[in-house]
Number of protein chains: 2
Amino acid sequence: MLKYEKIAQKIYRYITDHQLQQGDKLPSLDELTNNFLVSKNTVIKALEMMEKQGLIYQVRGSGIFVRQPRRKGYINLMDLQGFNSSLREFDLNSQVLALDLIPANEELCRNLDLAPGDPVYYVNRVRYIEGRPFCIEASYFPQKLVPYLSEEIATSSLFSYLRQGLGLDIHYVDHFMRARRLHPEEAKHLQLKSGDPTIVIESNYYLADGMPVDFSKICYHYNETQFFSQGEMTSPIFLD
Amino acid sequence: MLKYEKIAQKIYRYITDHQLQQGDKLPSLDELTNNFLVSKNTVIKALEMMEKQGLIYQVRGSGIFVRQPRRKGYINLMDLQGFNSSLREFDLNSQVLALDLIPANEELCRNLDLAPGDPVYYVNRVRYIEGRPFCIEASYFPQKLVPYLSEEIATSSLFSYLRQGLGLDIHYVDHFMRARRLHPEEAKHLQLKSGDPTIVIESNYYLADGMPVDFSKICYHYNETQFFSQGEMTSPIFLD
């Protein structure tokens with residue numbers, strides 16, 4: 001763990017130890033620097049990281065404040081690890097429906113920066129929370145980045161495999177969401193009725209160098225899943 | 001506009017002028033500092049802001065990269081201005097269904113930090129995009145922060161009124177999303193069928209000092225709306 005991560009961890013512990021709530025003020029940058037006996041730069045880096053994670057917010061000239069969303073059990077869309085991290089207190093399982101090496105079609109070329117016909121690993125899984133189905137996930141990985149996948153790997157965390165097994169540095173993700181009706185096949189896997197509502201999320205995952213490494217389409221059980229995201233005031237300068 | 005906002009604007013113009021794509025590299029921090037003849041700190045602030053807005057990403061030791069989500073027409077949940085900004089190329093209208101001063105119930109007390117019975121402005125609107133209904137929005141504002149609202153105000157942008165009319169510094173927002181079926185009354189307003197799918201987003205808007213200023217519940221037309229959000233790799237240190 002890097003020095004600023006350790007400091008971030010200490011600041012987070014301060015928040016939980018003092019049971020600080022949404023909007024409560026934290027010690028100033030100078031006070032934090034003095035308390036932790038590290039450079040101001042290290043504290044600034046720690047605060048930046050915590051701000052990105054939605055744990056604090058900083059108001060120039062006013063201070064550093066706690067940001068604690070009030071609801072639990074929501075899948076955090078801002079956290080790349082998605083439900084593995086948001087739902088970590090629950091028992092998660094996967095059933096692999098399909099695992100194939102397929103040629104990239106037009107949709108995959110567009111989402112994974114591939115040429116037509118490039119080989120792509122396709123994994124289709126039903127995922128279970130506490131034994132109940134909560135989503136159907138189709139994931140696509142370019143074989144040039146993910147040279148090998150097996151059903152055994154797909155049964156546990158693909159993310160851990162990409163990161164720990166293959167050393168891929170997955171860095172950020174774009175999510176595109178909409179609602180629609182479930183198709184009959186999807187409904188069967190989710191133990192719902194055809195035509196029931198679902199939230200569908202298409203996600204593009206990127207490596208640190210901007211290369212797409214995973215394109216996924218997940219349709220969620222509408223009664224088992226809810227999502228969290230945060231927004232900020234942005235300056236109007238990018239409105240064109 | 002502040003100096004770093006101007007620099008951010010220039011960097012953004014550089015991206016669009018050079019038609020840079022997702023993953024393309026920007027000039028280094030030193031190069032940007034030299035080009036714009038400003039202090040390194042100003043450029044750092046500009047880059048920070050652009051990173052928050054999802055326009056670039058920075059990889060320590062590697063560089064600054066363009067981040068351009070590939071799809072247009074999605075409501076950006078990370079932008080506090082929501083659809084007013086995401087859908088700005090479209091013609092937006094509102095029909096006010098109700099405007100009342102009501103006593104805070106348990107749900108409003110919880111979401112707006114109020115005591116039971118505190119007065120709250122309740123506004124219920126159908127919103128139209130190019131003449132087609134795309135959402136039903138129920139918004140709640142504590143009267144202590146929003147002393148006056150009228151149907152005329154509610155017909156145009158409430159956000160502009162809060163910011164420009166009342167000088168409220170709305171700073172960030174938490175969104176909570178799920179899918180469900182439309183109720184008959186909602187379906188009528190959205191010109192859909194009862195039981196059709198909808199995405200429902202509950203949002204808490206906060207002032208810079210952490211005080212809640214707006215609680216809203218919006219149910220969206222599933223064929224007219226789609227949403228965008230981004231995630232980042234977070235360090236595992238906050239996982240408990």
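Asp174(B) and Arg67(A) form a salt bridge, with their closest N and O atoms 3.4 Å apart; a salt bridge is taken as a side-chain nitrogen of Lys or Arg within 4 Å of a carboxyl oxygen of Asp or Glu. The model is predicted, so local features need pLDDT of at least 70 and side-chain atom pairs count only at pLDDT 80 or more, while totals for chains, interfaces and linings use all residues. Residues are numbered from 1 along each chain as its sequence is written, chains are lettered from A and ligands numbered from 1 in the order in which they are written, and side-chain values use heavy atoms, with hydrogens and water left out.

Across the interface of chain B and chain A, four salt bridges are found by this rule. Polar contacts link 23 residue pairs between the two chains, both residues being at pLDDT 80 or more. Such a contact is a pair of N or O atoms within 3.5 Å; within protein, one must be able to donate a hydrogen and the other to accept it, and residues adjacent in sequence count only if both atoms are side-chain atoms. Strand 7 of chain B gives the most to the side of chain B that touches chain A, with twelve residues. Helices and strands are DSSP runs numbered from the N terminus (helices H or I, at least four residues; strands E, at least two).

In total, 77 residues of chain B are in contact (heavy atoms within 4.5 Å) with 78 residues of chain A. The two chains bury about 7,000 Å² between them, 52% of it on carbon and sulfur atoms; this is the accessible area (1.4 Å probe) lost on putting the two parts together, summed over both. Of the interface residues of chain B, 100% are also interface residues in chain A, so the copies meet through the same surface.

Within helix 7 (residues 158-165) of chain B, Leu158(B), Phe159(B), Tyr161(B) and Leu162(B) are buried, that is, under 20% relative accessible area, with exposed meaning over 50% (1.4 Å probe, protein chains only). The face of helix 7 turned away from its buried side carries exposed Gln164(B) and Gly165(B).
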